[in-house]
Amino acid sequence: MSGISFFTKADTNELIASIDPLLWEGVCSEEIIAAHAREAGYTGYAFNAGEIVHLSKVIIDAKNSGNMDVIEHSVAVEPESSATISLATDQMSASLTVVANPDAPQATYQEIKALLHRKGIVRGISKKRIQHLLNSALEGDAGKEYTDVIAIGLPPRDGKPSRVVPLVPNALDRILRPQESGDDKVDMRNLGDVLCVSANKPVAKRISPSKGRIGYTVTNKPLSPNKGEWQEVKLGNNTQLAEHDENLILSSLAGQPKFENNVMTIDDTFVTKGVNVGTGNVNYEGAVIVNGDVTENMQIIAQGDVTINGFVESAYIKAGGDIIITQGATGKMNDEDCRLIADGSVFIQHGQGLDVSTGKDLNVKRQLAYSRVLCKGHLYVGDPDNPTGNLFASKITAYNSVRAGSVGAVSGSSLEIDYSDAYNGLIKRLDAISELLDGLASVNADHEIKLSKMNAKEFPKYLHKKLRKLDKTIGKERSLLTWLRKVQGDLEQAKKDFENNARVIANKELFPGVVVRLNKRIFRQQKETMKSRIVLVGGNWEYQPIIK
């Protein structure tokens with residue numbers, strides 16, 4: 001197709017041939033022009049023999065006169081159709097309108113596709129939508145129009161910024177992954193060695209921002225994404241950048257790594273073989289690792305994580321990070337004298353007679369019973385992805401979902417799950433912010449009116465400075481109002497999220513004796529049922545069977 005190309009004129013539906021006389025060779029006939037057009041993807045046009053004869057003469061005259069300017073000439077028109085194509089202004093979508101007409105032949109998919117190509121629409125075309133639209137028109141009343149979007153472009157996806165990824169696992173992540181014992185099996189009792197890193201060891205790295213994904217319009221125009229930006233590396237405690245690589249983070253001392261909120265920290269770590277009368281209590285500013293048991297009445301207080309590779313009996317453990325107990329923890333059944341307090345999450349294999357308070361999630365691997373729990377995250381008894389452990393005979397103050405395999409016990413022992421404290425605290429904060437916002441909005445409205453009146457008057461020059469100062473003060477009021485409205489919106493969203501997440505899920509069985517409470521709204525399970533959930537719907541508790 002040397003020397004010839006085509007384009008369409010949308011306003012006249014004409015097909016224009018663009019011919020370079022210098023490159024064009026041979027005869028200019030209707031058959032040859034039509035063949036070139038088909039090769040270029042322009043099908044279904046009605047070619048005008050008279051216009052093509054005229055074009056041939058123009059080419060010959062140009063060659064004879066030595067005029068080598070490109071010749072543009074109409075050679076065909078688009079035939080009339082009952083289908084109409086509408087292209088969006090941004091060219092990100094195209095719509096097809098078909099008029100039902102029982103007296104005329106129905107357009108086919110191939111004809112619609114050819115019509116789209118003539119309009120330059122070649123990407124994101126939905127064959128299914130086109131056929132559905134044509135079928136609707138075929139069965140519809142005469143004269144009725146059917147319209148649908150039948151081609152959609154792909155918007156560009158901006159690149160992601162650089163981010164920091166850990167090179168060593170968190171203790172809690174490692175503890176949730178039992179070690180392989182061979183023959184494609186895992187040993188649930190072997191959770192691996194407690195991880196500590198030495199000084200100057202790589203613990204995290206910053207990975208490059210992504211380039212993003214190139215998009216396209218339905219006319220196949222590429223859309224370039226914005227590349228991701230480099231984000232500054234935030235160094236946690238006891239970490240440093242490598243001298244030879246600004247993207248590599250090293251530990252500055254030996255300790256326990258912890259990666260949270262895109263920041264790697266290394267806790268100065270105290271390691272002991274056990275905590276008992278012989279060792280004394282532990283009070284440490286960093287992390288604590290106990291490779292043994294913690295015996296009755298002993299205390300561990302740490303500002304970082306506490307990891308115990310053993311068993312805990314009637315002890316007091318408080319951590320500024322996570323508490324990880326690879327075996328079990330137990331206290332006296334009616335005293336709950338084994339206290340676990342963590343600002344982060346708590347993980348234990350099984351627990352009984354516990355008094356647990358967590359700032360984040362609580363994960364008990366097998367069974368939790370006869371305990372008192374305050375959990376501000378999710379509570380899982382079993383694997384977090386599919387909890388199948390046993391939860392019974394406990395009192396739980398919950399802030400989020402409670403999930404287990406068996407909830408309650410055959411004996412009907414009491415299991416109380418109470419969402420009141422969390423909900424009331426949220427409502428109290430929301431009411432306080434709303435009251436403060438209403439008061440400040442009223443005061444600010446008065447100030448704005450008075451300021452507007454003052455600005456409309458003329459004042460001596462020596463008062464202009466004070467007027468600007470007053471305007472600046474009221475500007476601060478506006479900023480405070482904006483901030484309070486944002487806080488109010490966040491709290492209202494938190495209230496909605498709370499109501500969506502307040503639920504108890506039993507993946508195996510739900511037994512009598514289970515009580516779920518939110519102030520005066522109380523659900524009591526009266527009979528044994530198979531897997532089910534208790535959810536908050538419209539402000540009231542509702543029982544729902546889980547059917548899969």
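Predicted model: local features only at pLDDT ≥ 70, side-chain atom pairs only at ≥ 80, totals over all residues.

Trainee: Then why is glutamate 296 called partly exposed?

Mentor: Its relative accessible area is 35%. Partly exposed covers what lies between the buried limit of 20% and the exposed limit of 50%, so glutamate 296 gets that label.

Trainee: What makes the meeting of glutamate 296 and lysine 332 a salt bridge?

Mentor: The cut-off asks for a side-chain nitrogen of Lys or Arg within 4 Å of a carboxyl oxygen of Asp or Glu. Here N and O are 3.0 Å apart, so the pair qualifies. Its two residues are 36 residues apart, with glutamate 296 in the loop between strands E19 and E20 and lysine 332 in the loop between strands E24 and E25.

Trainee: Which label does lysine 332 get for its accessibility?

Mentor: Lysine 332 has 38% relative accessibility, so it counts as partly exposed. Lysine 332 also forms a salt bridge with aspartate 337, at 3.2 Å between the closest N and O atoms. Aspartate 337 is partly exposed as well, with a value of 23%.

Trainee: How do you know that arginine 206 and glutamate 246 form a salt bridge?

Mentor: Their closest N and O atoms are 3.9 Å apart, and the limit is 4 Å, so the pair counts. Arginine 206 sits in strand E11 and glutamate 246 in strand E15, 40 residues apart.

Trainee: Are these two partners buried or exposed?

Mentor: Arginine 206 has a relative accessible area of 14%, and buried means under 20%, so arginine 206 is buried. Glutamate 246 reaches 55%, and exposed means over 50%, so glutamate 246 is exposed.

Trainee: How many salt bridges does a search of the whole structure find?

Mentor: The search finds 14.

Trainee: And what makes E1 an edge strand?

Mentor: The open sheet has 4 strands in the order E1-E2-E4-E3, paired antiparallel. E1 and E3 each pair on one side only, and these are the edge strands. How E1 pairs with E2 is clear too: 6 bridges join them, and two strands count as paired with at least two bridges, so E1 and E2 qualify. Within them, threonine 8 stands opposite leucine 15 in E2. Helix H1 packs on the sheet, touching E1, E2, E3 and E4.

Key:
Residues numbered from 1 in each chain as written. Heavy atoms only, no water. Contact = heavy atoms within 4.5 Å. Axes fitted to C-alpha atoms, helices over the stretch in contact; angles between N-to-C directions. Buried < 20%, exposed > 50% of the residue type's maximum accessible area, 1.4 Å probe, protein only.
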